[in-house]
Structures are given as C-alpha cells and as structure tokens.
Amino acid sequence: TALLTRFADVESKFVGRSTDQAVLELTKANKETLSAVVAPVQAHLSLRTRTTLVLSLLRALPDFPNIFDVEALRDLPADLKAAVQRLAAFDAAPYQEVELAAKQFLDMKASKPVGERIADLRAALLKLGPVELAQEPSLSANLLTQLFSDADSDVALAAKETFVRRIYMAYDIQSLSSEKGTDGSLITEWEFESGDLTPD
C-alpha cells in the first residue's frame, strides 16, 4: 500500500503536464523547501523502473490470498482502495498500463464472488424461466454452464435450455426439448433455421 500511495503522490504532480511545467509548478509551490522539488523530480526520472514495479504489484494483488494462504477480503482496506483508485484515474499516455491494471483490479473486487453469482443466476432461472432469462442483456452464458450439474435435474435442464436459447438468439428455433435419459443423463435437443433466410 505504501509503495502504491507513494507512486500516486509523486506522479500526480506530473500527470497531464510536461516535466518542465511540473517542475515549474513544484518550484513555485516550494520556494523555501528545495527537497520538496528535488525528491519527486528524481523519482519521476525513474518512471519506467517504478512503473514496472507498480504493475507487478497491481497484477499480483488478486493472488495475494492464495500466496499467503488467507481469506480473500471482500472489502479492501481504505488506504489500499484509495491508492488504487488514484492510479485508475491516471489518464495519460505514460501511465496507460498502470491505469488499466488498477481499473481491472477494482472491477474484479467490485464483482460478486462466483458462488454468489451462480446462486443469483439460479434464483433468476427459477423466477423467469428459460425463455425470458435468455433475453436478459446481462446474462452470462458461461456462468449458465455451472448449473448444468445442479443437484436438481429440473434446474439443470432449464439451464441447458436457457443456454441454447441464448446462443441461438440470432436463429429461429423450430423445436427444443429437454429430458432425463434412462441412464440419468440430461438431454437437450433442438432444431433451428437461420434467421437470415428470406423467401425469394
């Protein structure tokens, strides 16, 4: 956290301005304290090396719970979150990789754990049914596959039907049936025509 905060503190003085302009502003603001000008300028001159280090840290953050064998934190510590948010706002060419890595980490933390997302999807499937759920813009077809092995065979079959309807949205589904085979397997069969076909 301290490293990310220090990087943000220093580089915020240079984002969106030339080095000469940044040095001039620093000098005007710290006429009596030369070290307040020299230290950030010297650090900025090593931007490439420091950026590599910050990127390594940002990209490793999602794996920290596994590396240190601890529970993943649902909510980030306030100081870490603030530092990453500042980096995600660095909208300037030299910081593009840092900005992207910070945004990706924040997006990852903002999303629900997979288990919760599957539970929400299961509830939506039971409430809406395959036909309506397949039309939902936010539906994740990949997540649907996690319900194919649901303990409730009716849910598993409904998930498969929803998946087919979602993948074949651009086509005209002529027929679709789902059933449990004699061996316990779940079978979904369908027929479709291209939605682009028009009569001559």
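User: Is Phe192 buried or exposed, or something in between?
Analyst: Phe192 is partly exposed, at 38% relative accessible area. Buried means under 20% relative accessible area, exposed means over 50%, and partly exposed is in between, with a 1.4 Å probe and protein chains only. This is a predicted model, where local features need pLDDT of at least 70, side-chain atom pairs count only at pLDDT 80 or more, and totals for chains, interfaces and linings use all residues. Residues are numbered from 1 along each chain as its sequence is written, and side-chain values use heavy atoms, with hydrogens and water left out.

User: Which strand is Phe192 in?
Analyst: Phe192 is in strand S2, residues 186–194. Strands are DSSP runs of E with at least two residues, helices are runs of H or I with at least four, and both are numbered from the N terminus.

User: And what does S2 pair with?
Analyst: Strand S1, residues 171–180, runs antiparallel to S2, and 9 bridges join them. Two strands pair if DSSP finds at least two bridges between them. Ser177, for example, has Glu189 in S2 as its bridge partner. The hairpin has 5 residues between the strands, and Gly184 there takes a positive phi near 95°.

User: Different topic. How many residues are in the largest nonpolar core?
Analyst: That core has 30 residues, and those with the most contacts inside it include Leu4, Phe7 and Tyr95. A nonpolar core is a set of buried Ala, Val, Leu, Ile, Met, Phe, Trp, Tyr and Cys residues joined through side-chain atoms within 4.5 Å. Among the helices that give two or more residues to this core are H1 (2–11) and H7 (96–110).

User: What does Tyr95 touch?
Analyst: Leaving out residues up to four places away in sequence, Tyr95 touches Phe7, Glu11, Phe14, Val15, His44, Leu47 and Phe90. Contact means heavy atoms within 4.5 Å.

User: Now charges. How many salt bridges are there?
Analyst: The structure holds 8 salt bridges. A salt bridge is a side-chain nitrogen of Lys or Arg within 4 Å of a carboxyl oxygen of Asp or Glu. One of them joins Glu97 and Arg59, at 3.7 Å from N to O. Glu97 lies in helix H7 and Arg59 in helix H4, so this pair ties together parts that are 38 residues apart in sequence.

User: What about Glu99, which residue does it bridge to?
Analyst: Glu99 forms a salt bridge with Lys103, with the closest N and O atoms 2.9 Å apart. Glu99 and Lys103 are 4 residues apart in helix H7, so about one helical turn separates them. Glu99 counts as buried at 11% relative accessibility, whereas Lys103 is partly exposed at 38%.
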